[in-house]
Amino acid sequence: MALKNVISEVFAVDVFNDAVMAERLPKKVYAALMKTIEDGEELNLEIANVVAHAMKEWALEKGATHYTHWFQPMTGITAEKHDSFISPASNGGQAILEFSGKELIKGEPDASSFPSGGLRATFEARGYTAWDCTSPAFLREDAAGVTLCIPTAFCSYTGEALDKKTPLLRSMEAISTQTIRILKLFGHDDVKKVDCSVGPEQEYFLVDREKYLQRDDLIFTGRTLFGAMPPKGQELDDHYFGSIKERIAGYMKELNIELWKLGILSKTQHNEVAPAQHEMAPIYGTANIATDHNQLVMETMKKVAKRRGLECLLHEKPFAGVNGSAKHNNWSLVTNTGKNLLEPGKTPHENIQFLLFLSAIIKAVDENAVLLRMSASNPGNDHRLGANEAPPAVISIFLGEQLEDVIDQLIETGEAKSSKQGGKLNIGVHTLPELKKDATDRNRTSPFAFTGNKFEFRMVASSMSAADGNTVLNTIVADALCDMADELEKADNFDLAVHDLIKSTLTKHQRIIFNGNGYSEEWKVEAQRRGLPNTPTMVDAIPSLIDENTIRIFEKFSVLSSVELHSRAEVNYENYSKTLNIEAKTMIEMANQKYIPAVIKGVKVLADSINSIKSAVPGADVSVQTELLVQSSDLLAKAKAAVTHLENVIATADTKEEAKERAMYFKDVATKAMEDLRAPIDALELIIDKSLWPVPTYGDLLFEV
C-alpha cells in the first residue's frame with residue numbers, strides 16, 4: 001500500500017459510523033436513530049432491532065464472531081464480556097447467527113467485583129450496561145479474532161452510575177442546556193445543542209520490553225521504585241522535538257494505522273522532553289467520543305508496543321528525576337451551528353458574549369479549584385504535580401496579555417476600549433517571511449491555560465480516563481452559567497445587566513488569574529496571599545467530592561447524587577491505599593530478593609579483594625577498597641533497617657479499617673518509609689559493580705531503546 005494512500009484507505013474502516021449507518025439502514029430508521037443521537041429522543045425496540053441487524057451483518061462481513069458491551073467502570077480502564085453471535089436453530093441440528101435490538105440496548109455484566117464504594121455488596125451481582133448510541137460501535141481484532149465493541153454506560157441494579165461514561169453524558173447535557181439559555185439571551189435561537197469539544201494529548205514512555213520484564217517495579221506498579229539518575233538526563237533539551245529514532249518511528253507508524261482504522265484522528269507525534277518520552281495528539285471531538293477514543297489510544301499504545309518488543313509506560317512519573325507524563329485536556333464549547341464560543345475574535349474587548357462565557361469559566365474554576373484538582377488526581381500524579389516540570393498543585397488560570405489587559409480595563413474603568421494585537425514578527429532574515437504574531441504568549445506552567453480559542457487543562461494524569469476532568473469542568477461551568485442565566489433572564493435592561501455581571505464576576509474572581517511562572521516558589525507565597533488553595537496530594541483533594549457545594553451542584557444537574565459522590569470518594573481512598581500498598585510490598589520484595597543479595601555479593605568481593613591484597617602484598621595501600629567496603633556496608637545496613645521499618649508500616653496500615661484513615665496513613669507514614677528505603681539502594685547503585693546490579697538501570701531503560 002502506497003504511503004500516501006494509507007490514511008484514505010484505512011480511516012474508520014473498523015467503525016460503524018454515520019456513513020456506514022446511512023448506507024445500510026432504511027431511511028426512516030436512520031432518521032429516527034439520528035433523532036436519538038442528536039436530540040436525545042428515546043429509541044424504541046423496533047428501531048433498535050433494525051440497527052442491531054445491520055450492525056451484525058456489517059460485523060460478520062468483516063469477520064466478527066463475537067460482540068461485547070464495552071464499558072468504563074471506576075477502575076479507570078475498560079471492561080468487556082464477549083458473547084458470540086451463535087444461537088441454536090429451531091431444528092436443533094444447526095446454529096444460526098443472531099443479534100437482537102434487546103442485546104444491543106442492554107447487557108448484564110456482574111457488578112459485584114468492580115469498584116463501587118459501597119453501592120454494591122459482594123453478594124449483589126446484577127448490573128446493567130446500556131448502549132450509548134452517541135459513540136459509534138467499532139471492531140477490534142486480536143488473538144481471539146474480530147469482536148464487535150459497543151460503547152455502553154454501566155449502572156447498578158438500583159440505578160446508580162458505576163462508571164465514568166454515565167456522569168460524563170449527564171454533564172454534557174447539563175452544560176448544553178445552560179449554554180443554550182445564555183445564547184438565547186443573545187438572540188441565537190437557532191442553536192439547539194452545544195457540545196464540549198475535547199482534544200486529549202497523550203504523553204507516554206517507550207522502553208525495551210526485555211529490560212522492562214527484569215524490573216518487578218515496572219511490572220507491578222508501572223513506575224520505577226528504585227533507580228539512580230544516569231550522568232545524562234534531559235538537561236541538554238536534545239530529545240524534545242528531536243529526530244525520531246527508527247525503532248520509535250516504526251512504532252508510531254503502526255500506532256497511527258491502528259488508530260486511524262478505529263476512526264481516531266491521530267494528528268501529531270513527536271519526542272517529548274524526557275529521554276524515551278513521546279506524545280500523540282488527536283484532532284478534537286465531542287467529550288464523550290474523545291474520552292472513548294482516548295481509552296482506545298492507551299490500549300492500542302500498549303498493544304502495539306508489545307508487538308514491537310517495546311513496553312509503553314503510561315504512569316505519570318515512571319522515572320524520578322525526569323519529566324513525567326500528562327494528558328493535556330483541551331476543552332472548548334461548540335454549537336451545533338459550528339460556532340466556537342471560546343473564540344475571542346480580533347477585538348475581544350467588543351465581544352461581550354465571549355467575555356461572559358470567559359467570566360463564567362473563571363468563576364467556576366475559582367469556586368471549585370480543589371474539586372478540579374481532584375478530577376486530575378491519582379496516586380501517580382502526586383509525584384508529578386508541582387515538581388518543577390508540571391503544573392503546580394495550586395490551581396490558577398493563564399489568560400495571556402491580551403485578555404488580562406481587557407479584564408484589567410473592565411475592572412478598573414468599567415469599560416474595555418481596546419485589545420492588544422499581535423502584529424508581525426520580523427525574524428531578521430530577508431529570505432524568511434514575516435510571521436503573524438499571536439496576541440499573547442503561551443504558559444506551560446499553568447494548570448488551566450487559555451490557548452487562543454480553548455482552555456488547556458494541563459493537570460490531568462496520563463493514565464487516567466479523560467472523563468473525570470471533563471465531567472467536573474462541564475458541571476461547574478454549567479452551574480456558573482445557570483447562575484448568570486437566572487440573573488440575566490429577569491433583567492429589565494439586558495445590555496446593562498450583562499455588562500455589570502461581567503465586571504462584578506471578574507472583580508470577584510480575579511485572584512485566580514496568573515500569567516507568571518507557576519513553578520516558582522514566589523508564586524506559592526503569592527497564591528497563599530491571594531487565598532488560593534494548595535492541594536499537594538490526591539488524599540487532600542478527595543474530601544472535595546463530598547463537599548456541600550459539590551453535592552449541591554452535582555445533584556442540581558443530576559450528574560451525580562450524594563450517594564454516588566460518596567461512593568466515588570470511597571473508591572478513591574481505597575485506590576490510593578491499594579496502590580501504595582502494592583508499591584511498598586514490591587519495594588520490600590525487590591530489596592530482599594534482588595538488591596540486598598546483590599550488595600552482599602559486592603561487599604564480599606571488596607572484602608575478598610582487601611584480604612587477598614594484604615596477603616599478597618603486606619603493607620599495601622587498601623584504603624580505597626576499605627572506604628568502599630565501609631560505605632557499602634553502612635548503606636546496606638540502612639537499607640535492611642528501612643526494609644524492616646517499611647514492613648512494620650504496612651502491617652500497621654492493615655489494622656486501619658476506615659478507608660480515609662488508611663489512605664491518610666499511607667500518605668503521611670508509608671510514603672516517607674518508602675523514600676527512606678529507596679535512598680540507600682539508589683546510593684548503592686552508584687557504588688556496586690554494574691555487573692552485579694540485579695536490574696536494568698535508568699541509563700539502560702531511558703537511552704537503550
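**Buried residues, helix packing and nonpolar cores**

His 328 is buried, with a relative accessible area of 7%. In this predicted model, His 328 belongs to strand 15, which spans residues 327–335. When residues up to four places away in sequence are not counted, His 328 touches Gly 199, Pro 200, Glu 201 and Glu 203, and also Glu 456, Phe 457 and Arg 458.

Trp 331 was examined next. With residues up to four places away in sequence again left out, Trp 331 touches Ile 175, Cys 196, Ser 197, Val 198, Leu 342 and Ile 361, together with Lys 454, Phe 455, Asn 470, Leu 473, Asn 474 and Val 477. Trp 331 and Leu 399 are the residues with the most contacts inside the largest nonpolar core, a set of 126 residues. The element that gives the most to this core is helix 19 (residues 562–616), which supplies 16 residues. Another core lies apart from it and has 35 residues, including Tyr 204, Leu 218, Met 252 and Leu 259.

Two helix pairs were considered in turn. Helix 6 (residues 165–185) and helix 10 (residues 287–307) have axes that come within 10 Å and cross at roughly 155 degrees. Because angles over 145 degrees count as roughly antiparallel, helix 6 is roughly antiparallel to helix 10. On the side of helix 6, the residues that meet the partner helix are Lys 165, Leu 168, Leu 169 and Met 172; on the side of helix 10, they are Ala 287, Asn 288, Thr 291 and Asp 292. By class, the residues of this contact divide into four nonpolar, two polar and two charged.

Thr 291 is buried, with a relative accessible area of 2%. Leaving aside neighbours within four places in sequence, Thr 291 is in contact with Leu 168, and also with Gln 72, Ser 465, Ala 466, Ala 467 and Asn 470. Asn 470 is also among the residues that Trp 331 touches. Between Thr 291 and Thr 652, which are 361 residues apart along the chain, the C-alpha atoms are separated by 39 Å.

The second pair consists of helix 3 (residues 27–39) and helix 4 (residues 45–61), which pack at an angle of about 110 degrees with their axes 10 Å apart. Since angles of 65 to 115 degrees count as roughly perpendicular, helix 3 is roughly perpendicular to helix 4. The crossing of these two helices is left-handed. Helix 3 contributes Val 29, Ala 32 and Leu 33 to the contact, while helix 4 contributes Ile 47, Val 50 and Val 51. The contact of helix 3 with helix 4 has six nonpolar residues, with no polar and no charged ones.

Asp 237 has a positive phi of about 55 degrees, although it is not a glycine. Asp 237 is exposed, with a relative accessible area of 55%. Phe 241 also has its place in the loop between helix 8 and helix 9. The phi of Phe 241 is near 60 degrees, again a positive value in a residue other than glycine. With a relative accessible area of 56%, Phe 241 is exposed.

Technical notes. Residues numbered from 1 in each chain as written. Predicted model: local features only at pLDDT ≥ 70, side-chain atom pairs only at ≥ 80, totals over all residues. Heavy atoms only, no water. Axes fitted to C-alpha atoms, helices over the stretch in contact; angles between N-to-C directions. Helix = DSSP H or I, 4+ residues; strand = E, 2+ residues; numbered from the N terminus. Parallel < 35°, antiparallel > 145°, perpendicular 65-115°, else oblique. Contact = heavy atoms within 4.5 Å. Nonpolar A, V, L, I, M, F, W, Y, C, P; charged D, E, K, R; others polar. Core = buried A, V, L, I, M, F, W, Y, C linked by side-chain atoms within 4.5 Å. Buried < 20%, exposed > 50% of the residue type's maximum accessible area, 1.4 Å probe, protein only. Left-handed = near helix turned anticlockwise from the far one by under 90°.
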